[in-house]
Amino acid sequence: MDDLPTFRFFPDPIREKAFEPGRVVCGCCGKQREWSTTRMYSAAQDEEPICPWCVADGSAVAKWGGWFNNVDPAIGAEAEEIRSRTPRFETWQDFEWLTCCGRPCIYVGEADAEGYAERFAAVAAELLASDEFEWSEPGRKEYLLTAERGDSPAVYVFQCQVCSRLRWRLDSC
């Protein structure tokens with residue numbers, strides 16, 4: 001099996017379930033692969049499996065048009081990499097890729113109770129104080145203790161390339 005390609009702005013797409021396991025023939029390159037996604041914004045793509053390699057090298061966008069992620073084009077060449085060669089992660093609502101310090105952030109994952117207690121503790125503190133989270137403080141605390149991946153609301157966490165600050169996006173169905 002080939003080593004998976006790396007994605008500069010999305011370092012762990014397998015853990016974050018951007019690619020699903022299972023032997024499929026990629027609709028773009030025609031090769032049999034162990035991982036694939038169908039998460040692409042394109043009318044022409046029609047839910048065909050796309051392998052990580054065709055995402056990474058831009059072949060899928062070249063073949064079907066469309067994009068994987070919404071991103072502000074003002075951030076330059078990195079915007080095109082995120083738009084056309086970075087896998088999309090599952091969200092409830094579409095939103096623009098987060099930026100900080102004038103650069104696109106790195107997507108580090110969807111938060112859950114374990115994450116809030118460990119690697120996303122700074123995000124948990126911000127959520128407790130945020131007006132964006134419309135629950136009472138006891139409700140917020142309960143959510144942070146019980147949150148599971150795929151819940152609504154979901155919290156997607158990014159990290160700034162420049163200042164290393166964790167940024168987040170609250171998303172609900």
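A residue is called buried when its relative accessible area is under 20%, exposed when it is over 50%, and partly exposed in between, with a 1.4 Å probe and protein chains only. The model is predicted, so local features need pLDDT of at least 70 and side-chain atom pairs count only at pLDDT 80 or more, whereas totals for chains, interfaces and linings use all residues. Residues are numbered from 1 along each chain as its sequence is written, and side-chain values use heavy atoms, with hydrogens and water left out.

The chain contains 6 helices and 7 strands, where helices (H or I, at least four residues) and strands (E, at least two) are DSSP runs numbered from the N terminus. Along the sequence, these elements follow the pattern β-β-α-α-α-β-β-β-α-α-α-β-β.

The overall dimensions come next. The C-alpha trace spans about 50 × 35 × 30 Å along its principal axes. For 173 residues, a compact globule would have a radius of gyration near 16 Å, and the 17 Å of the chain agrees with this; the radius is taken over C-alpha atoms, and the globule rule is 2.2 Å times the number of residues to the power 0.38. Of the 173 residues, 46% are buried. Among contacts (heavy atoms within 4.5 Å) with a separation of 6 or more, 56% are between residues 24 or more positions apart.

An α-helix has 3.6 residues a turn, so residues three or four places apart point the same way.

Two loop residues may be considered in turn. A44 lies in the loop between β2 (32-36) and α1 (52-56). Because its relative accessibility is 49%, A44 counts as partly exposed. The C-alpha atoms of A44 and W64 are 5.5 Å apart, although 20 residues separate the two along the chain.

W97 belongs to the loop between α3 (77-85) and β3 (99-100). With a relative accessible area of 3%, W97 is buried. Beyond its neighbours within four places in sequence, W97 is in contact with residues including F9, N69, I82, F89, Y107 and F158.
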